[in-house]
Amino acid sequence: MTIAEHIKVKRKEFHLTQVELAERAGVGLRFVRELERGKDTVQLDKVNLVLKLFGEELKPAKMEIDV
């Protein structure tokens, strides 16, 4: 599941419209729409403002690289 899909699912689980989600998270409606559409470039801090409403946080993870 992508972050875009996850946010959309969580928003619907919490019975929020995109407008309500934007207002409660303190981000713009345009950001929420672009986020749910899977825009390639979004600000991590804003993504976390949205995820915070659901008790979640996105952070970098260490990747294993095979050489």
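View 1. Leu44 has a relative accessible area of 39%, so it counts as partly exposed (buried means under 20% relative accessible area, exposed over 50%, and partly exposed in between, with a 1.4 Å probe and protein chains only). This residue is found in helix H4; helices here are DSSP runs of H or I with at least four residues, strands are runs of E with at least two, and both are numbered from the N terminus. Together with Ile3 and Leu58, Leu44 forms a nonpolar surface patch with about 210 Å² of accessible area. Patches are made of residues with over 30% relative accessible area and no salt bridge, joining like charges within 9 Å and nonpolar side chains (Val, Leu, Ile, Met, Phe, Trp, Tyr) within 5 Å. A salt bridge is a side-chain nitrogen of Lys or Arg within 4 Å of a carboxyl oxygen of Asp or Glu, and accessible areas come from the Shrake-Rupley method with a 1.4 Å probe, where for residues only the protein chains shown count as cover.

Before we move on, a word about the model: it is predicted, so local features need pLDDT of at least 70 and side-chain atom pairs count only at pLDDT 80 or more, while totals for chains, interfaces and linings use all residues. Residues are numbered from 1 along each chain as its sequence is written, and side-chain values use heavy atoms, with hydrogens and water left out.

**View 2. The whole protein.** Step back and you will find four helices and zero strands, in the order α-α-α-α along the sequence. The C-alpha trace spans about 45 × 20 × 20 Å along its principal axes. Of the 67 residues, 28% are buried, and the protein exposes about 5200 Å², with carbon and sulfur atoms supplying 52% of that area. Among contacts (heavy atoms within 4.5 Å) with a separation of 6 or more, 46% come from residues 24 or more positions apart.

**View 3. An aromatic pair, Phe14 with Phe54.** One aromatic pair turns up in a search of the whole structure. The ring centres of Phe14 and Phe54 are 4.9 Å apart and their planes meet at 55°, so the pair is tilted; rings of Phe, Tyr and Trp (its six-membered ring) pair if their centres lie within 6.5 Å, and planes under 30 degrees apart count as stacked, over 60 as edge-to-face and the rest as tilted. Phe14 sits in the loop between H1 (3-13) and H2 (18-25), and Phe54 in the segment after H4 (44-52), so the pair links parts of the chain 40 residues apart. Phe14 is partly exposed at 41% relative accessibility, whereas Phe54 is buried at 9%. Setting aside neighbours within four places in sequence, Phe14 is in contact with Leu53 and Phe54.

**View 4. Helix H2 and its buried face.** Look for Leu21, Ala22 and Ala25, the buried residues of H2. Viewed down the helix axis they fall within an arc of 100°, so they line one face (the arc is that of the directions from the helix axis to the C-beta atoms). They pack against H1, H3 and H4, while Glu23 and Arg24 are exposed on the other side. Just after H2, Gly26 has a positive phi of about 80°.

**View 5. Helix H3 among its neighbours.** In H3 (residues 29-36), the buried residues are Phe31, Val32, Glu34, Leu35 and Glu36. Their packing partners are H1, H2 and H4. Following H3 comes Gly38, with a positive phi near 85°.
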